[in-house]
Amino acid sequence: FFWNQYLMILYDYDSNAVLDQPMRNRTAKTILEAYKVLHNKLCKAGLRPKLQRLDNECSEILKNYMDKEKVKYQSVPPHIHRRNAAERAIRTFKN
């Protein structure tokens, strides 16, 4: 049995929704699996992502998946958290 030690937090600006997906580690494959789950939740709700802002922990396989799904992505510069709306969502989630 694996304990989940990490959470992927995804903030959807259009719906103002904060989604989370537990992860057991931070490998590229696990992050991709978690993103796919959250991406599918949004798509099923009719909220297909067009642009994703990412922190600097973005692997090539995640970028390739986003290209395949026609999701544009931007990286937020390190230590400039105010540009990343997800940072506020994470604080809200923790409270």
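I number residues from 1 along each chain as its sequence is written, and side-chain values use heavy atoms, without hydrogens or water. Because this is a predicted model, local features need pLDDT of at least 70 and side-chain atom pairs count only at pLDDT 80 or more, while totals for chains, interfaces and linings use all residues.

**Helix α1.** I took helices (H or I, at least four residues) and strands (E, at least two) as DSSP runs, numbered from the N terminus. α1 has 17 residues and reaches 24 Å from its first C-alpha to its last. That is close to the 24 Å expected at 1.5 Å a residue, where the expected span is 1.5 Å times one less than the number of residues. I listed its buried residues (under 20% relative accessible area; exposed is over 50%, partly exposed in between; 1.4 Å probe, protein chains only). Among them are Ile 31, Tyr 35, Leu 38 and Leu 42. Their cover includes β1 (6-12), β2, β3 and α2, by contact (heavy atoms within 4.5 Å). Just after α1, Gly 46 takes a positive phi of about 80 degrees.

**Helix α2.** In α2 (residues 60-68), Leu 62, Lys 63, Tyr 65 and Met 66 are buried. They lie on the same side of α2, because they cover an arc of only 160 degrees around the axis. The arc is that of the directions from the helix axis to the C-beta atoms. On the other side, Glu 60 and Lys 68 are exposed. α1 (28-44), β3 (51-54) and β4 (72-75) are included in the cover. Just after α2, Lys 70 takes a positive phi of about 60 degrees.

**Val 18.** I found Val 18 in strand β2 (residues 17-23). Val 18 is partly exposed, at 31% relative accessible area.
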